[in-house]
Amino acid sequence: MKTLLADPNRFVTTVEVVPPGGPDAAPLLDQLSSLSGLAFDGFSVATNPVAKSRMSAMATCHLIRTRVGRPAILHATVRDHNRIAVQGELWGARALGLDTVMAATGDRIALHDRGLVSHVGDVDVFDLIAMAREAGLYTGVVFDAKPEVKGGFERAVRRLEEKVRAGAQFAVTQPVYDEEGAAAIADAVTPMGLPVILGILPLRTFRHAEFLHTRVSGIAVPESLRRRMETAKDPVAEGVKNARDMLAIARDRFKGACVMPPFDHFEVLAPILA
């Protein structure tokens, strides 16, 4: 992915993958291999999303590269590792042939899990960015913002500027669902000269849309789209239509798009990427 992201004239499309919740990656790899005929450039592999244990993202990246034959971007967080472990992970990624990493803080640990696990956090995301660059990895970050939240969007832009100063080379947005929100993001980041990948998470149901809007930080689903999801005869098709619209907007104003199949529903990719 390093060469693709570094090419200013190429639009890059990635597909986000959640590693399996156990040691058997075969079913996931079979699903990903079935996507071989679709037009996208590689995978982006999450690490322990929503602070739940999953197979190592680095191992999953390696399996994707060797068995599926596509590039894979590694997500790395400071939530689960101390400085010693973070350094080892970054060096291990390079040793396995990975060249691109997404540096993130990591999802918060749920309150009911805090008696069992803790957030390590002896380095922050800015340290992680610097360490990834020093390890020779092409380093991206998350842009976590709701454009319609007064004050919050400006804080998110300032935080992204800090990440750029720390060495970030590209950014991926949280899922965006309307042209107005995408335009606000594009206008805010253009002065930074930073390649930005637009996050696209297809909606499944009205409840899915409501949950993302009310419970997930950084995601805003416009009321008009939530109403369409509520009244649609086929809400999955409505979600796919919105994702196609957002992909068209990404092609017009962004460096690329990261499509995030919800709940491993990779079958939605064909109509979106067609």
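## Basis of the description

Because the model is predicted, local features need a pLDDT of at least 70 and side-chain atom pairs count only at pLDDT 80 or more, whereas totals for chains, interfaces and linings use all residues. Residues are numbered from 1 along each chain as its sequence is written, and side-chain values use heavy atoms, with hydrogens and water left out.

## Helix H4

Helices (H or I, at least four residues) and strands (E, at least two) are DSSP runs numbered from the N terminus. Helix H4 covers residues 83-95, and its 13 residues reach 18 Å from the first C-alpha to the last, close to the 18 Å expected when 1.5 Å is multiplied by one less than the number of residues. At the start of H4, the backbone nitrogen of Ile84 has a side-chain oxygen of Asn82 within 3.2 Å, and the helix is followed by Gly97, whose phi is positive, near 90 degrees.

The residues of H4 that are buried (under 20% relative accessible area, with exposed being over 50% and partly exposed in between, for a 1.4 Å probe and protein chains only) are Val86, Gln87, Leu90, Gly92 and Ala93. Their cover includes helix H3 (57-68), strand E3 (72-77) and helix H5 (125-134).

## The cavity

A cavity is a set of points, on a 1 Å grid over the protein atoms alone, where a 1.4 Å probe fits but cannot get out, and its lining residues have an atom within 4 Å of a point. Grid points are joined across faces, edges and corners, and a volume is the space filled by probe spheres set on the points. By this rule there is one cavity of 30 Å³ or more, and the largest cavity has a volume of about 60 Å³. Eleven residues line the largest cavity, and Thr14, Ile73, Phe170, Val172 and Ile197 are the closest to its centre.

Strand E1 (12-17) and strand E6 (170-175) each contribute at least two residues to this lining, which divides into nine nonpolar residues, two polar and no charged. Here Ala, Val, Leu, Ile, Met, Phe, Trp, Tyr, Cys and Pro count as nonpolar, Asp, Glu, Lys and Arg as charged, and the others, Gly among them, as polar.

Thr100 lies in strand E4 (residues 100-104) and is buried, with a relative accessible area of 0%. Thr100 and Thr14 are 86 residues apart in sequence and 13 Å apart in space, C-alpha to C-alpha.

Glu238, in helix H10 (residues 235-253), is also buried, with a relative accessible area of 19%. Leaving aside neighbours within four places in sequence, Glu238 is in contact (heavy atoms within 4.5 Å) with Arg228, Met229 and Ala232.

Terms used. A polar contact is a pair of N or O atoms within 3.5 Å; within protein, one must be able to donate a hydrogen and the other to accept it, and residues adjacent in sequence count only if both atoms are side-chain atoms. On a 1 Å grid over the protein atoms alone, a cavity is a set of points where a 1.4 Å probe fits but cannot get out, and a pocket is an open set with protein on both sides within 12 Å along at least five of seven lines; lining residues have an atom within 4 Å of a point.
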